[in-house]
Amino acid sequence: MNSAPTTSPSVPVSGHPRSSTDRRGILFIISAPSGTGKTTLCKQLTVNLPGLWHSISYTTRKPRPGEEHGSDYYFVDEKSFQEMTAKNEFVEWAHVYGNLYGTPWKSLTEKIDQGIDVLLEIDVQGALQVKKRFEDAVSIFILPPSMTVLRSRLHTRASDTPDEIQRRLHKVKEEVWSYREYAYIVRNEDLSRSLRDLESIFWSERLKTKRLNMTWLENNFILDDDQKTGDHKDLP
Ligand code: ADP
Ligand code: 5GP
């Protein structure tokens, strides 16, 4: 499978006027150095925002305490992961901090076709691959307040070994230099402020003129009754 178009009719998202959401789902990409707080923010975003679905990646990394298969990730061995890459089942995949991670096509395209917005929490390499395939994707880079705070968050999370934490910290400079590839930057100092900033981005993107369903617009304001077509003539 290759790329998918990003605008055409779909089901409405509850809590939002149908006139502007009667469209395909939007693809949001969030990246950040490990320990910045992206998982914390993404989990809360899917609670706060109606019509947003957090994609679940496949990984060969071992689960951390409390992580669940099918909820945080699909945890698979390297052989299964390679079989999936051979069958072209990933939108993108990458080696990150010594493990393999990949975004599955199937659930992503299903949600987008249903008009549900999709949130991808992926690394910089994955973000670049997705942007090539989905030109309309909205990319957001999250920065920690400082290296000192980042180091302290990784230690406080206490989910990785000291070696693993070092490996992640070594990548920060390279990751941060990719900030230019992203449309938005959010600095995660205060959690509620970062959430508010992210929510503003999501709502603004949903309201962009280019995402308006043209059939609905034409049927309601432009065409005479006998010219109206499609499933949308009665909307909203
Ligand atoms: P990431 O997914 O980017 O690796 P996490 O979401 O796991 O990061 O967050 C790393 C640690 O930092 C966690 O212990 C989390 O509770 C904490 N954290 C996240 N955001 C903030 C914040 N704004 N202020 C303080 N601690 C935070
Ligand atoms: P963690 O092991 O801390 O859960 O994630 C490590 C890194 O892998 C993070 O930067 C995370 O965003 C990234 N990641 C998670 N899932 C995917 C994915 O499907 N594809 C890519 N390219 N990166 C991913």
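1. Glu-205 lies in helix 9, which spans residues 191–206; helices (H or I, at least four residues) and strands (E, at least two) are DSSP runs, numbered from the N terminus. The model is a predicted one, in which local features need pLDDT of at least 70 and side-chain atom pairs count only at pLDDT 80 or more, while totals for chains, interfaces and linings use all residues. Residues are numbered from 1 along each chain as its sequence is written, chains are lettered from A and ligands numbered from 1 in the order in which they are written, and side-chain values use heavy atoms, with hydrogens and water left out.

2. Glu-205 counts as buried because its relative accessibility is 3%, where buried means under 20% relative accessible area, exposed over 50%, and partly exposed in between (1.4 Å probe, protein chains only). The side chain of Glu-205 makes polar contacts with the side chain of Lys-208 at 3.0 Å and with that of Arg-211 at 2.8 Å. A polar contact is a pair of N or O atoms within 3.5 Å; within protein, one must be able to donate a hydrogen and the other to accept it, and residues adjacent in sequence count only if both atoms are side-chain atoms. Apart from neighbours within four places in sequence, Glu-205 is in contact (heavy atoms within 4.5 Å) with Ile-26, Phe-28, Val-138, Tyr-184 and Arg-211.

3. Helix 9 also meets helix 2 (residues 38–48), the two axes coming within 10 Å and crossing at roughly 55 degrees. The axes are lines fitted to C-alpha atoms, for helices over the stretch in contact, and angles run from 0 to 180 degrees between N-to-C directions. On the helix 2 side the contact is made by Thr-40, Leu-41, Gln-44, Leu-45 and Asn-48, and on the helix 9 side by Leu-191, Ser-194, Leu-195, Leu-198, Glu-199 and Phe-202.

4. Two non-glycine residues deserve a look at their backbone, given that most residues other than glycine have a negative phi. Asn-88, in the loop between helix 3 (78–86) and strand 5 (90–96), has a positive phi, near 60 degrees, and is partly exposed, with a relative accessible area of 41%.

5. The other is Tyr-97, in the loop between strand 5 and strand 6 (99–104), where phi is again positive, near 45 degrees. Tyr-97 is buried, its relative accessible area being 11%, whereas Asn-88 is partly exposed.
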